[in-house]
Protein chains: 4
Amino acid sequence: VQSFSELVRNYQVVFFDAYGVLKNSAGVLAGVPAMLEALIAEGKDLYVVTNDASKSPQAMADQFPGGANGDILDSARFISSGLMATDFLSAKVPAGKVAYLGKLSSAFYVEATGKHQAVPIADCGPSDDVEALVLLDDEGFDWQRDINLALNLLRRKNIPAIVANADPTYPVDGKNVAVAVGALGRLLEEMVGKRFIHFGKPDAYMFSFALSKARKQRPGLNKREILMVGDTLQTDIAGGNKFGVDTVLVLSGNTAAKHAAMRIEASGIIPTFICESVLT
Amino acid sequence: VQSFSELVRNYQVVFFDAYGVLKNSAGVLAGVPAMLEALIAEGKDLYVVTNDASKSPQAMADQFPGGANGDILDSARFISSGLMATDFLSAKVPAGKVAYLGKLSSAFYVEATGKHQAVPIADCGPSDDVEALVLLDDEGFDWQRDINLALNLLRRKNIPAIVANADPTYPVDGKNVAVAVGALGRLLEEMVGKRFIHFGKPDAYMFSFALSKARKQRPGLNKREILMVGDTLQTDIAGGNKFGVDTVLVLSGNTAAKHAAMRIEASGIIPTFICESVLT
Amino acid sequence: VQSFSELVRNYQVVFFDAYGVLKNSAGVLAGVPAMLEALIAEGKDLYVVTNDASKSPQAMADQFPGGANGDILDSARFISSGLMATDFLSAKVPAGKVAYLGKLSSAFYVEATGKHQAVPIADCGPSDDVEALVLLDDEGFDWQRDINLALNLLRRKNIPAIVANADPTYPVDGKNVAVAVGALGRLLEEMVGKRFIHFGKPDAYMFSFALSKARKQRPGLNKREILMVGDTLQTDIAGGNKFGVDTVLVLSGNTAAKHAAMRIEASGIIPTFICESVLT
Amino acid sequence: VQSFSELVRNYQVVFFDAYGVLKNSAGVLAGVPAMLEALIAEGKDLYVVTNDASKSPQAMADQFPGGANGDILDSARFISSGLMATDFLSAKVPAGKVAYLGKLSSAFYVEATGKHQAVPIADCGPSDDVEALVLLDDEGFDWQRDINLALNLLRRKNIPAIVANADPTYPVDGKNVAVAVGALGRLLEEMVGKRFIHFGKPDAYMFSFALSKARKQRPGLNKREILMVGDTLQTDIAGGNKFGVDTVLVLSGNTAAKHAAMRIEASGIIPTFICESVLT
């Protein structure tokens, strides 16, 4: 276990996971805005790399207000798994209707292509002129009705099914978790028997997307200059390791200090470093 | 493909699947009551072996009314996967509250032990004095609220979790299917990471339970004298084959005539016989 | 943790797992023969219920020699997972050649049907007049050559594939384990994409087979009078629990004392009792 | 189904799968060298993107000899899944010994880091001073001995395990397939219970690596200018689709013309285009 503030000096670019690292169920952690501003003042390039397609990058950025100058981090620095879905729809899916499961705010990731219309699956109607199905968030719809609608839509029509957040669960408070949309996607995928397209850490595509962004600021950026900071072994650390960047596990979220050694041993996922939190 | 009425002559005992064999979404198939009565008149012992814990065996029997003499088949001849749950609770779970997901009518399988009180999971409260969790049916509860409650209950308390119907989906009409409670059980099991107890075909326990019943009528009954009749390769046929009884696939339900050969080849599950339906 | 000798007084019939309970890599545990003889003298009915198809029940019985009177337990009291394969072949597979993977001594379970000829898969030749494939043991064949032969046989011919031992690994000494035939079966099953027939604990069929045997000695035997004794949560305890018999986890094999509580919590598989060993 | 030579005109960069596309078990397809040379003459940038870590890129390039000028494609244009392993070892694994399973020629991908020594697992000895385990190829070792050695090494030591080829099987001739190292990796991973690091299509990392190479030749290259050509839905097409490039399924390898429509329907993996072969 070492000091985050000392560790981060060795890197030019930092990828932060959001939940369990910069914020928790009570909001942004006290001290985090000052920490981020200090790193920016030192010339670091910061990105938030998050499995979250429930709201737009701008809405994410607004959670870190920076006073008169606007948000601490520009919305372009929020690499959400929803953006991978937007990219995929842009590149591969014909213009038209896209059925979705999720909150109204999550529909942003469909509409952002400029050529697709996001339609809640319950409003799709029997004509089925939909070009794809996207699972964006676990809230905003009636699970029983809409999971059954999604199941039958995919049995009738061979269209791409995209899951914009690979997480199976997410923490709702210190004690409880909730089923995330990634788990609903796996449920549907098994029943339909077709291959869905899953986006989000630990998938390499998130990291490669973030790297491309970072290289626009810093051409020639080497992976050795990047640090991935996360609280979850299976997503943040496994994904960062495979992508070839250094990783630091913080003990402020999913992985409590007392379980860390046992979980690293059990999973075989070994972070490069361990810190108490980003505030140490 | 051969005639069911000729085939059945070679057996003393017949295990029928219900849905897709004796009934469909429109109710009991015309001709089935007469067929059943004819077999009983010939001295056959008939049982319905069904992955269904949504209602009691008596309610199942009442779907096959036999005129003045009561139901065609006595409720004791309905071997439901719910009865396996009742058996398990009786043998292995201390008296007290059992949380359940399912319709009110499915709670029968908890209360039938005589020592347990079935409580919808939403009514369990934070005190958690529950001895087991049973998933009985996909209807009768709010999926989002109650699946999340079940997930957190199992994370807090190391109690047995029982899934009383292994099916992932069930047909609701000629074109559409619905997510069955078996799939919800798998979803929870993966998220919790603990081993659940699953009952229902193809599991050998259903067949061994039915055989025990049949042997009470016919001591010394040999498995070679039993015919399992079903419309689903993965449950009825795979289970019957493994248990060592002859199996007949009928083409009146899940497995349409045009797909039968391909599905047998693809799955490697080979029925002993194939019939159009039980009415041939 | 309690005394096995006191616990066992409450039961009429005992099902013992073999490896990790009665013996280990060094052979039968000192004290076990005397313990077994004492239980028999008290009138208990003892059975060994074992995931092992590497040798015949007689060869298993001979590992527990009883002096002038022959073996302590008659070979009929060894319920091996191989016997389930024999049963299945007898009931469901036409007379003829059966290809197998395993030691020569494991071929017993094919030949025991009296109508099948066990042929090592490497000797099957291109004519493929084989009626089934049986995986019996991890030894006695060239893995690379014969797993590839099995894969292509099953791609060419839609015949039943039987795995006569569900275990993924087995201990070879205090520190090391070995890949068991159950894991090779899963590997083949995933590649072929067909449903294999797996026998062995925790499957209910093993327990139902053992119960039938026990009831021949004691008609009317109730499951409450049976104790399952095992060292492995996933097979012995999960299977016994589901079957509705009392279970005791012994800490002399796969589950070391220091890990027991953590593994019970993590797996959700809760033994009725825990004992240090069968010698306490 | 359309003409490949016409289709390819619309792209600047082509990613070819090798086996089933450019070559088969009899070697490079007649006509392929001329086709490649014609595309190069037209100014296309060509890459071979292949799940194969059995030999070095140079050895792959030498299979496409181009006469006096050397190979048709420079070795730098062969993007093998083995290179991902090399990259990972370079970035994340301390200098020292790396245990491997595979042919001698596959050890190239370990030694290429310049700081690791590739040691066949059977030669590692009990001291276990190894920093990682890499599965490179299905040949070149004794499966039973060395899979068991790998299993116990990973149980003893928490080191990264890398699978440098995700394929479960590969074709050996028109009729037979063989178990590939990807399947052996899955087998080990399930038994050990730890997370392995898998490289190869459909993983996004292969495509992002190839894109980086291509952009060195053509800065500003857009994904819309790239065509992925493959014979396998699950790897070439699923991976290319997710990465956002156009994909063409050729019917000259794993996916025969008569099965193509059914497999696309069953898998839900939809190629952008279909061509008989790269020679049409």
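Helix 2 of chain C is followed by C:Gly43, a residue with a positive phi, near 95°. Helices here are DSSP runs of H or I with at least four residues, strands are runs of E with at least two, and both are numbered from the N terminus. This is a predicted model, in which local features need pLDDT of at least 70 and side-chain atom pairs count only at pLDDT 80 or more, while totals for chains, interfaces and linings use all residues. Residues are numbered from 1 along each chain as its sequence is written, chains are lettered from A in the order in which they are written, and side-chain values use heavy atoms, with hydrogens and water left out.

Helix 2 itself spans residues 32-41 of chain C, and its buried residues are C:Val32, C:Met35, C:Leu36 and C:Leu39. Buried means under 20% relative accessible area, exposed over 50%, and partly exposed in between, with a 1.4 Å probe and protein chains only. Viewed down the helix axis, the buried residues of helix 2 of chain C fall within an arc of 95°, so they line one face of the helix; the arc is that of the directions from the helix axis to the C-beta atoms. Their cover includes helix 1 (4-7), strand 1 (13-16), strand 3 (27-28) and strand 4 (45-50) of chain C.

Turning to chain D, the axes of helix 4 (residues 81-92) and helix 8 (residues 204-217) come within 10 Å and cross at roughly 90°. Axes are lines fitted to C-alpha atoms, for helices over the stretch in contact, and angles run from 0 to 180 degrees between N-to-C directions. Helix 4 and helix 8 of chain D are therefore roughly perpendicular to each other, a term for angles of 65 to 115 degrees; under 35 counts as roughly parallel, over 145 as roughly antiparallel and the rest as oblique. From helix 4 of chain D, D:Ser81, D:Leu83, D:Met84 and D:Asp87 meet D:Tyr205, D:Met206 and D:Phe209 of helix 8, where contact means heavy atoms within 4.5 Å.

D:Ile79 lies in strand 5 (residues 78-80) of chain D. At 0% relative accessibility, D:Ile79 counts as buried. Leaving aside residues up to four places away in sequence, D:Ile79 touches several residues, including D:Tyr47, D:Val49, D:Met84, D:Met206, D:Phe209 and D:Lys213. The C-alpha atoms of D:Ile79 and D:Lys213 are separated by 9.1 Å, although the two residues are 134 residues apart along the chain.
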